[in-house]
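The stops below go from the whole chain to single residues.

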Amino acid sequence: MPNPEKKPKFREDEQIVENKNLNIWEALIPVFALVGMLAYNVYVFGDDALSGSNQFILLLGGAVAAIVGFFNKVSYKKMIAEVAENIRSTTGALLILLMVGALSGTWLVSGIIPAMIYYGLQILNPTIFLAACVVICAIISIATGSSWTTAATVGIALIGIGEALGISLGMTAGAVLSGAYFGDKMSPLSDTTNLAPAMAGGELFSHIKYMTLTTVPTIVVTLIVFIILGFTIDTSGVADTTSILANISGTFNVSGWLFLVPVVVIFLIVKKAPPLLALLIGTLLGGLFALLFQPDIVATIGGSSSLTLESGYKGILNAITVDTNIATDDPALNDLFSSGGMAGMLGTIWLIMCAMVFGGIMDGIGALERITESLLKMAKTTFGLFASTVGSCLALNVTASDQYLAIVVPGKMFSKAYEERGLAPENLSRTLEDSGTVTSVLVPWNTCGAYHSSVLGVGVGEYALYAIFNWLSPFMTLLFAALKIKIKMLTTSKTA
């Protein structure tokens with residue numbers, strides 16, 4: 001397993017393909033075709049577009065690129081070789097994604113994730129309700145790796161509490177989404193957090209560490225604004241979470257000892273242990289704690305009424321590999337207490353592989369070299385390159401209507417430009433998340449905007465202003481770029 005601070009050697013040695021016969025307009029034909037097809041596909045399929053149709057559209061985009069290549073006398077063998085190299089370069093990321101799915105399963109059945117939610121809900125206070133919403137949703141989103149799940153469960157509960165307190169629904173929804181997307185960005189369980197470094201050619205934990213530079217100041221500013229808002233509005237009533245807390249404690253054996261597992265994983269990450277090792281240890285410890293703290297749940301998942309060697313083994317392996325659903329008396333919590341295991345990561349893995357096919361063919365025909373050359377001419381400064389990346393992510397969130405595509409397409413297209421400038425891949429992966437992941441919820445017709453608006457029952461126009469973390473993030477990354485704060489350079493010089 002490569003050191004998390006360095007890219008794999010084969011990524012360091014990868015050469016960009018040059019094709020002097022290809023002009024910029026020919027190089028852009030596949031990009032325009034891909035964006036157009038993706039936009040229509042998302043319009044037709046909506047939230048279901050990621051179930052496979054978007055992946056196939058990426059392959060069609062690769063086919064368009066191949067046609068351009070054939071007209072410029074690029075051999076099929078050359079294009080397939082570049083696809084193979086691209087897919088090989090994501091091997092580490094794909095294995096990490098599988099292990100993330102395994103860890104999320106054991107952390108659910110062990111009660112680690114429910115314990116985080118249980119203690120997080122207890123910090124509610126009417127005076128600082130909005131700031132508390134941010135903190136609670138951040139905790140839960142970090143624990144689950146999903147802003148969608150957070151909004152659809154605890155987010156709905158907080159909307160109801162806020163309404164009972166007489167607080168604007170837009171304010172509450174903005175606070176919920178600010179916290180949910182902070183957690184979505186920073187959690188190693190999040191698919192977008194894994195997707196961004198995979199597209200940029202970086203490493204997961206190095207990416208997360210580098211993101212803290214812009215993400216922490218952004219969330220601090222967000223919290224300060226919500227604290228000020230909390231003291232300027234009148235609240236009435238009591239934030240009642242008794243029912244939710246009772247359901248959690250009635251289903252799981254909630255204990256502070258469960259936090260030993262995430263503490264160990266955090267320690268390993270800080271000590272720069274290989275990501276796969278840290279995640280494997282976290283998964284195994286989660287399974288052990290599940291047997292110790294939640295024997296009845298493990299037995300049920302294993303298909304038995306009592307814990308035996310066979311049911312315990314089967315229960316833990318099921319949690320690691322396939323869908324796991326833990327029933328409570330609260331329908332909303334039932335959605336929260338579910339995990340897809342390793343199988344739940346296959347959709348994202350499928351997306352990455354199809355994106356690598358598109359990117360590999362684009363590289364094989366020389367289109368990436370031509371586009372990179374043009375980008376470097378237009379973006380004459382480091383700030384210009386960062387700004388171009390932010391603009392591309394925002395444009396794809398609006399046109400392609402999906403946050404994954406706002407990461408995949410710019411990530412693959414800009415990776416060469418960043419390497420040409422001697423910039424480490426963490427710069428690109430952080431910018432992709434600061435502008436692609438978090439702003440998707442601000443676009444009404446984007447899958448994220450449509451989903452959250454529907455789930456929370458609050459229009460995008462009502463909460464957009466108060467989703468402070470989401471719209472402030474791209475400005476923060478541009479500010480850091482403009483002031484040249486913590487711009488990480490490649491440790492070794494590259495030659496094209």
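**Contacts along the chain**

Begin with the whole protein chain selected: of the contacts (heavy atoms within 4.5 Å) between residues at least 6 apart in sequence, 79% join residues at least 24 apart. What you see is a predicted model, in which local features need pLDDT of at least 70 and side-chain atom pairs count only at pLDDT 80 or more, while totals for chains, interfaces and linings use all residues. Residues are numbered from 1 along each chain as its sequence is written, and side-chain values use heavy atoms, with hydrogens and water left out.

Switch to a cartoon view next, where the protein chain shows 25 helices and two strands, taken as DSSP runs (helices H or I, at least four residues; strands E, at least two) that are numbered from the N terminus. Of its 496 residues, 58% are buried, a word used here for under 20% relative accessible area, with exposed meaning over 50% and partly exposed in between (1.4 Å probe, protein chains only).

Now select helix α2, residues 24-45, and find Val44 in it. Val44 is partly exposed, because its relative accessible area is 48%.

Finally, select the cysteines. How many disulfides does the structure hold? The structure holds zero, a disulfide being a pair of cysteine sulfur atoms within 2.5 Å. Cys133 is accordingly in none, and the nearest cysteine sulfur, that of Cys137, lies 6.2 Å away. Cys133 is buried, since its relative accessible area is 0%, and Cys354 also counts as buried, because its value is 5%.
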